[in-house]
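Subject: Structure handover

Hello,

Here is the structure I said I would pass on. My notes on it follow below.

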Amino acid sequence: MKKILHVISSPRGDASFSIKLGNAIVEKIRAVYPDSTVQETNLLEKHFPHLEESHLASFFTPAENRTPELLAAVKHSDEAIKEIMEADVIVIGAPIYNYSIHSSLKAWIDHIARSGLTFKYDENGPEGLVKNKKVYIALSSGAIYSEGPLKSIDYVEPYMRTILGFLGMTDITVIRAEGTSLPGIQDHALDKGIASVHIN
């Protein structure tokens, strides 16, 4: 049995390739682990706020000293961290928008990156505290970035591997549905991505 967390960051709903790919990954995990549970977190519905002064103040204030305002400010972060800590497998939808991730996913990352909770510094440098997780990134793009002339501007996979690795999540598999806007490729882009999913 696995506890699966599916994080959605696309605003395209049923038309989203990253959501379709993420759902397919979840179903393949459940086929291997039939008793698994799935929790879906749609960042577009939860509206994670961009970090403001109140959020940073709440992060660095001991819980017993937080005012009602600071308790409200830390709520999104606490809930998101609880979800990732409880999950065994995390599936993250990461469509490419303007060469980067959607702002909702960046906001979520900013809320889960908490000193003392998901990472720490000691004499040896930083240490990620979110350990023993399997992460699948469902990456979708209109063009092809995994190879060819656009590979040098593929900023999403390197960034996601870097920030998740910083938090301790180093067992990462990237699955792509790419070329979804390219004639001759788009009709089979999703199927090709789904076919490449192998659960380990």
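Predicted model: local features only at pLDDT ≥ 70, side-chain atom pairs only at ≥ 80, totals over all residues.

The charged end of K2 sits over the ring of Y33, at 5.1 Å from the centre of that ring.

Salt bridges

K134 also has a charged partner. Its salt bridge is with D171, and the closest N and O atoms of the two are 2.9 Å apart. K134 belongs to strand 6 (residues 134-141) and D171 to strand 7 (residues 171-178), so this pair ties together parts that are 37 residues apart in sequence. K134 has a relative accessibility of 9% and counts as buried, because the limit for buried is under 20%. D171, at 39% relative accessibility, counts as partly exposed.

In total, the structure holds twelve salt bridges. One of them joins K120 and E127, where the closest N and O atoms are 3.6 Å apart. Here K120 is partly exposed, at 35% relative accessibility, and E127 is partly exposed as well, with a relative accessible area of 26%.

Another salt bridge runs between R176 and E178, with 4.0 Å between the closest N and O atoms. Both R176 and E178 are buried.

The C-alpha atoms of E157 and E53 are separated by 29 Å, and the two residues are 104 residues apart along the chain. E53 is found in helix 3 and is exposed, with a relative accessible area of 70%.

Aromatic rings

How many aromatic pairs are there? The count comes to four. One of these is F119 with Y121: the ring centres are 5.9 Å apart and the planes stand at 90 degrees, so the pair is edge-to-face. F119 is buried, with a relative accessible area of 10%, whereas Y121 is exposed, with a relative accessible area of 56%.

F119 lies in strand 4 (residues 119-122) and F166 in helix 7 (residues 156-166), so the pair ties together parts that are 47 residues apart in sequence. F166 is partly exposed, with a relative accessible area of 25%. Taken together, F119, Y121 and F166 form one aromatic cluster.

Helix 6

Is helix 6 (residues 103-112) mostly covered or mostly open? What can be said is that seven of its ten residues are buried, which makes it mostly covered. The buried residues are S104, L105, A107, W108, I109, H111 and I112. They pack against several other elements, namely strand 1 (3-8), helix 2 (43-46), helix 3 (53-59), helix 5 (75-86), strand 3 (89-95) and helix 7.

Surface

Helix 3, one of the elements that the buried residues of helix 6 pack against, also takes part in a surface feature. L56 has its place in helix 3 and, at 41% relative accessibility, counts as partly exposed. L51, L56 and F60 form a nonpolar patch on the surface, and their accessible area together is about 300 Å².

Last, a residue from helix 8 (residues 186-195): K192 has its place there. K192 is exposed, with a relative accessible area of 67%. From C-alpha to C-alpha, K192 and Y97 are 21 Å apart in space, and they are 95 residues apart in sequence.

Regards

Terms used:
Residues numbered from 1 in each chain as written. Heavy atoms only, no water. Salt bridge = Lys/Arg side-chain N within 4 Å of Asp/Glu carboxyl O. Buried < 20%, exposed > 50% of the residue type's maximum accessible area, 1.4 Å probe, protein only. Helix = DSSP H or I, 4+ residues; strand = E, 2+ residues; numbered from the N terminus. Phe/Tyr/Trp six-rings, centres within 6.5 Å; stacked < 30°, edge-to-face > 60°. Lys NZ or Arg CZ within 6 Å of the ring centre and 35° of its normal. Contact = heavy atoms within 4.5 Å. Patch = residues over 30% accessible without salt bridge, like charges linked within 9 Å, V, L, I, M, F, W, Y side chains within 5 Å. Areas by Shrake-Rupley, 256 points an atom, 1.4 Å probe, with all protein chains shown as cover.
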